[in-house]
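The structure is shown first.

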Amino acid sequence: MSSNVPEKLYILYILRVLKKYSDVNHRLNQKEIQGKLKSVYQVDISRSAIKNSLDALMNYHFKVRRDKHRIGKPSAWYYEHDFSSGELSMLINGFLSSSKSMAFDHCSEIVVRLKSNLASEHVKINYFLSKDQPENKQIILNFEELCEAIEVGCRVSFHYMRLGTDRTYSYSRNNQHGEPHVYRVSPYELIISNGRSYLICAQDNRDNLVHYRVDRMHEIKLLQNERVRPLADFPDVPLKKGRLDLPAYTKPLIYMYADKVVPVTFYADKISHPNIVGDVLDWFGGSAQFGEETEEGVNVVVKASQQAMEYWALQYGSAIEILEPVELREKIKDTINKMHEKYKD
């Protein structure tokens, strides 16, 4: 036996072997476990010691399973992982789709850790991770600072960064040659929308909540002696048990614009876009109210940010016609006319 490893740790090495090298489709008998222990960890354990450790792992309800029904073959063991390959694939790809501002190397490291801790080496996960994205290497630190501020209920200050054509960040300033502007806000929640991370917060001089991209925040400081504004200051903000009701709050903010949420009526054209009803439900869910419907189209009412709805309607082109409010309809009409001028030649 290895002289460098205390005997009481053998059971942990066996558990490591099973988690990394076995699963329901890849089982290991005692001889194979013994071989892995020796080649990977340089630990030499007798077959009887391995059998005793395996029995102990099962008796103490570790997720070690024994396959006794192997005709003509010795019994084998495997570790029952918490996630199937399909679930793990969704978990990793979901993480990557919501991490567009995280450093490539950091994303890669997290994916490796997820795979090594949640599945055996036999599970292969297909995913795509692009190197071509602006990144703020401080984003995890930003999250940690903001989470602490939200937990203790204090305000924060920070600088906000703007991204230039050279793909580098510069400070948002008070004027062209002034000092970097210092933002001071009351933080309430962190949320990921369209793959980007946002802080939902309040400023002292505004009567609505505002949103800042977490990856563009720099030099965050907790103002321990300054309490956050009470959410009761914002009567239109939905609350649940004294906290922001995130599903109710974010549903109308399809692009995280923070202007006032209003009822918007539009016509969805099913001829030019046969799946438009499905798309409306994808964006607005159960909050979308359908009105008069024909084979050609349907009227829909949603509550949403006007600024967000302008971009959303333009995204769908002729498939969407904003009917109300009139000022939003006129603004879209003006934008279309300006676009026409740019493209008429």
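## Largest pocket

A pocket is an open set of points on a 1 Å grid over the protein atoms alone, where a 1.4 Å probe fits and protein lies on both sides within 12 Å along at least five of seven lines; lining residues have an atom within 4 Å of a point. The model is predicted, with local features needing pLDDT of at least 70 and side-chain atom pairs pLDDT 80 or more, while totals for chains, interfaces and linings use all residues. Residues are numbered from 1 along each chain as its sequence is written, and side-chain values use heavy atoms, without hydrogens and water.

The largest pocket has 24 lining residues, and D236, V237, Y249, K260 and V261 are those nearest its centre. Two or more lining residues come from each of α7 (246–250), β11 (261–269) and β13 (297–305); helices (H or I, at least four residues) and strands (E, at least two) are DSSP runs numbered from the N terminus. With three residues, β13 contributes the most. The lining comprises 15 nonpolar, three polar and six charged residues, where Ala, Val, Leu, Ile, Met, Phe, Trp, Tyr, Cys and Pro count as nonpolar, Asp, Glu, Lys and Arg as charged, and the others, Gly among them, as polar.

The space in this pocket is about 560 Å³, a volume being the space filled by probe spheres set on grid points joined across faces, edges and corners.

## Helix pairs

The axes of α4 (residues 85–97) and α5 (residues 104–118) come within 11 Å and cross at roughly 165 degrees. Axes are lines fitted to C-alpha atoms, for helices over the stretch in contact, with angles from 0 to 180 degrees between N-to-C directions. The crossing angle therefore makes α4 roughly antiparallel to α5 (over 145 degrees). In contact (heavy atoms within 4.5 Å) are L88, L91, I92, F95 and L96 of α4 with C107, I110, V111, L114, K115 and L118 of α5. Ten of these residues are nonpolar, none polar and one charged.

Helix α1 (residues 10–21) packs on α3 at about 75 degrees, the axes being 10 Å apart, so α1 is roughly perpendicular to α3 (65 to 115 degrees). I11, I14, L15 and L18 of α1 meet I50, S53, L54, A56 and L57 of α3. This contact has eight nonpolar residues, one polar and no charged.

## Backbone details

E324 and P325 are joined by a cis peptide bond, with omega about 0 degrees. P325 sits in the loop between β14 (320–324) and α10 (326–343).

H61, a residue other than glycine, has a positive phi near 65 degrees. The loop between α3 (47–59) and β1 (64–67) holds H61.

Terms used:
Angles under 35 degrees count as roughly parallel, over 145 as roughly antiparallel, 65 to 115 as roughly perpendicular and the rest as oblique.
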